[in-house]
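Dear colleague,

I am passing on the structure that follows, together with my notes on what was found in it.

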Amino acid sequence: MTEILTTAAPGQATAIGPGRLILVVGPSGAGKDTLLGLAKAACADDSKIAFPRRVITREASASEENQQVSAGTFREALARGEYAMHWEAHGHCYALSRAIDDEIRAGRTIVANVSRTVIGAMRRAYADVVVVSITAPPNVLAERLAMRRRSSDGRLEARLGRTVEDAAAAPDVTIVNTGSAEYHARQLVRVIKGEKWDDRLES
C-alpha cells in the first residue's frame, strides 16, 4: 500500500493560522463518520466551525458527505495544486480542498477525517493543529467492518492491520468509542470547541 501527501502551497513560508485544524483519525470501523456526523449537527449554528467535504475516488457510502470524482479528475486537480492535503489508501485517493487555507486564515475551525500519514506535515503547515484519535478494541473494529462490508473496503485483514510508524502522528486526544454515539460525540464537540471534558463528569 502506498500513501502520499501534499502540504504547503507554492511560496508558503509560514504556518497557516490563526484558525484551528482538527484532524480526526482512527482505524476503520472505529465510528469516525458517525461521531463526525453528530458533531457537525451539534455545531450547525456555529459559523466559525466548518466540516469540509473530502474529495475521494471511491464510491461514497450513505454515511459520508464526500465529493466523488474519477481518478483522472483527481490527478488533474492535484496537478493544478487544488488540494491542501491528499493521500492514498487501499487503492483509493482522498484529498481536502485548498479552500480550507482561507477558512483557517479567517480564524475558523476546520474539522476533517484524514489519514494518520498526513499528520506530521499538517502540524508543520498549520499553526494550530489538534489530532483526535477515535478508536475501539480490535474485536469491536472487526465486528463493525464485517457488518458494513462495502465493496471499496478491500481486505478486512489489511484494514485491521494497518499501522503508521510516525511519532508526529501521536494524537492529542483519544476517544475510545465503545459507549453511546451521542456521549462520544459530545466529547468530540468539546474538543472542537476548545473545551475540556472529563469522563467522570459525563453520563
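In strand E7, the side chains of Thr109, Val111 and Asn113 point one way while those of Ile110 and Ala112 point the other way, and all of them are buried, where buried means under 20% relative accessible area, exposed over 50% and partly exposed in between, with a 1.4 Å probe and protein chains only. In a regular strand the side chains alternate between the two faces of the sheet. E7 as a whole is mostly covered, with five of its five residues buried. Helices (H or I, at least four residues) and strands (E, at least two) are DSSP runs numbered from the N terminus.

Before going further, please note that this is a predicted model, in which local features need pLDDT of at least 70 and side-chain atom pairs count only at pLDDT 80 or more, while totals for chains, interfaces and linings use all residues. Residues are numbered from 1 along each chain as its sequence is written, and side-chain values use heavy atoms, with hydrogens and water left out.

To stay with E7 for a moment, Ala112 is found in this strand and is buried, with a relative accessible area of 2%. Leaving aside neighbours within four places in sequence, Ala112 is in contact with Ile22, Leu23, Val24 and Leu96, contact meaning heavy atoms within 4.5 Å. The C-alpha atoms of Ala112 and Leu36 are separated by 8.5 Å, although the two residues are 76 apart along the chain.

E7 belongs to an open sheet of five strands in the order E2-E7-E1-E8-E9, with parallel pairing; two strands pair if DSSP finds at least two bridges between them. Strand E2 (49-50) and strand E9 (173-176) stand at the edges with a single partner strand each, so one side of each is left without a neighbour in the sheet. E1 and E7 run parallel and are joined by five bridges, with Ile22 opposite Val111 in E7. E2 and E7 (residues 109-113) also run parallel, joined by two bridges, and here Ile49 stands opposite Thr109.

Helix H1 (residues 32-42) lies across strand E1 (20-25), E7, strand E8 (129-135) and E9, and runs at about 155° to E7; axes are lines fitted to C-alpha atoms, for helices over the stretch in contact, and angles run from 0 to 180 degrees between N-to-C directions. Helix H7 (residues 181-192) packs on the sheet as well, touching E1, E2, E7, E8 and E9, and its direction makes about 170° with that of E9. In the segment before E1 lies Pro18, which is joined to Gly17 by a cis peptide bond with omega of about 10°.

The other sheet is also open, and its four strands follow the order E4-E3-E6-E5 with mixed pairing. Its edges are strand E4 (67-68) and strand E5 (83-89), each with a single partner strand, so one side of each is left without a neighbour in the sheet. Strand E3 (residues 55-56) and strand E6 (residues 92-97) pair in the antiparallel sense over two bridges, and the bridge partner of Val55 in E6 is Ala95. Helix H2 (residues 71-79) lies across E3, E5 and E6, running at about 140° to E5.

The structure holds two aromatic pairs, for which the rings of Phe, Tyr and Trp (its six-membered ring) must have centres within 6.5 Å, planes under 30 degrees apart counting as stacked, over 60 as edge-to-face and the rest as tilted. Phe74 and Tyr83 form a tilted pair, at 4.9 Å centre to centre and 35° between the planes, and both residues are buried. Trp87 and Tyr94 form a stacked pair, at 5.7 Å centre to centre and 0° between the planes. Trp87 counts as buried at 3% relative accessibility, and Tyr94 counts as buried at 7%.

Finally, some totals for the protein, which has seven helices and nine strands. Of its 203 residues, 45% count as buried, and residues 24 or more positions apart account for 70% of the contacts with a separation of 6 or more. The accessible surface comes to about 10200 Å², of which 50% belongs to carbon and sulfur atoms; these areas come from the Shrake-Rupley method with a 1.4 Å probe, and for residues only the protein chains shown count as cover.

With best regards
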